[in-house]
Amino acid sequence: MKRRILVGFSLIFTQIYAGQVGAQTTLESLQPFRIEETSGSVSLTNLNSRVNAWYLLRIRNGNGQVLKAINLENSRAPKVHLKLSPGSRGIDFVQGSATLDSCPTFLDEVQSSKASAYPYAPICEGRLFVRNRANGYQPNIEKGSQFLREHLGQWGESIINGAKATIFEDRYTETATVSKDNSAQKGVETAALKRALLNQQSEGQLLSNHKLGIALERGYSSLATMVGEWYPVSGRNGVYVSLIVPGMISSNVLNSHQNRVRALQERELD
């Protein structure tokens, strides 16, 4: 029998508060170990000379106006740092006071189409990377939804909701096999983690083939977990996972608080 399942997690959350920086403060000005050098119309800023990983290259016109600002990452940091080759269009890779090697075509490569083709574009035979702004991956279905929202407003949102309820209904639902197996290993139960309240028919049911994709601690199998039991996640202290089918929940729970919670629909129970 194939069932839809719900996945529950027990996590310990920590809130982190960050201070706010004034609107006129730039990230560059906050770097106390930055070093800047200039050669002709080109300037190179090592944003942290103790790390030697991140650089900002600026190319200016004759009036000093910045035409391009390019982010660079040094693949051989922190031991090797960068210096502009004096009087040329290249860049030197320096360790201590010794120049290890150079990239004489640096300025040509950093402004080429190859340097803007990827979020991390290799140049100078992979010794440097140009870091380009990227908006992240967006599948076609999300692009279409964004287009409808931006250009059709509430009408677009109505179209999206209609597609969710018809075309894409249950398209991405994970299913599991349910079987009776009293020999399956039970999970853990503490004062904070109580096993789920199930109806009588669902006690001792085993869920398998559910593609959980989460490794459990040694001695437990993520491919064979009992309904409503909590299992410790491998390598994550204080994190537990539990699987349940909505229709297996005790009727006392499902029928409670009817004045505040609507009953599950038939298609939601399985």
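This is a short tour of the model, stop by stop, with what to select at each one.

**Before you click.** You're looking at a predicted model, where local features need pLDDT of at least 70, side-chain atom pairs count only at pLDDT 80 or more, and totals for chains, interfaces and linings use all residues. Numbering starts from 1 along each chain as its sequence is written, and side-chain values use heavy atoms, with hydrogens and water left out.

**Stop 1: the whole chain.** Colour by pLDDT, the predictor's confidence in each residue, from 0 to 100. The protein averages 81, and 81% of the residues score at least 70. Now select residues 9-23: pLDDT stays under 50 there, and the model has 13 contacts beyond four places in sequence for this stretch (contact means heavy atoms within 4.5 Å). Where pLDDT is low, the predicted coordinates should not be read in detail.

**Stop 2: cartoon view.** The protein has 4 helices and 16 strands; these are DSSP runs numbered from the N terminus, helices being H or I with at least four residues and strands E with at least two. Pick out the open sheet of 6 strands, ordered β3-β4-β5-β6-β11-β10 with antiparallel pairing (to pair, two strands need at least two DSSP bridges between them). Its edges are β3 (35-39) and β10 (120-123), each pairing on one side only.

**Stop 3: inside the sheet.** Select 42-46 and 54-60, which are β4 and β5, joined by 5 bridges. S43 has R58 in β5 as its bridge partner. Move on to β6 and β11, which pair over 4 bridges; here N74 stands opposite L128.

**Stop 4: the hairpin.** β10 and β11 form a hairpin with 4 residues between them, and C124 in the turn has a positive phi of about 50°. A121 sits opposite V130 in β11. Show the side chains of β11: L128 and V130 are on the covered face, F129 and R131 on the uncovered one.

**Stop 5: the cores.** A nonpolar core is a set of buried Ala, Val, Leu, Ile, Met, Phe, Trp, Tyr and Cys residues joined through side-chain atoms within 4.5 Å, and buried means under 20% relative accessible area with a 1.4 Å probe, protein chains only. The largest core has 22 residues, and L57, L72, F106 and V110 have the most contacts inside it. Which residues does F106 contact, leaving aside its neighbours within four places in sequence? Select L57, L72, L84, R89, G90, I91, I123, C124 and L128. Apart from this core lies another, of 18 residues, including L207, V241, I244 and V245.

How values were computed. Buried means under 20% relative accessible area, exposed over 50%, partly exposed in between (1.4 Å probe, protein chains only).
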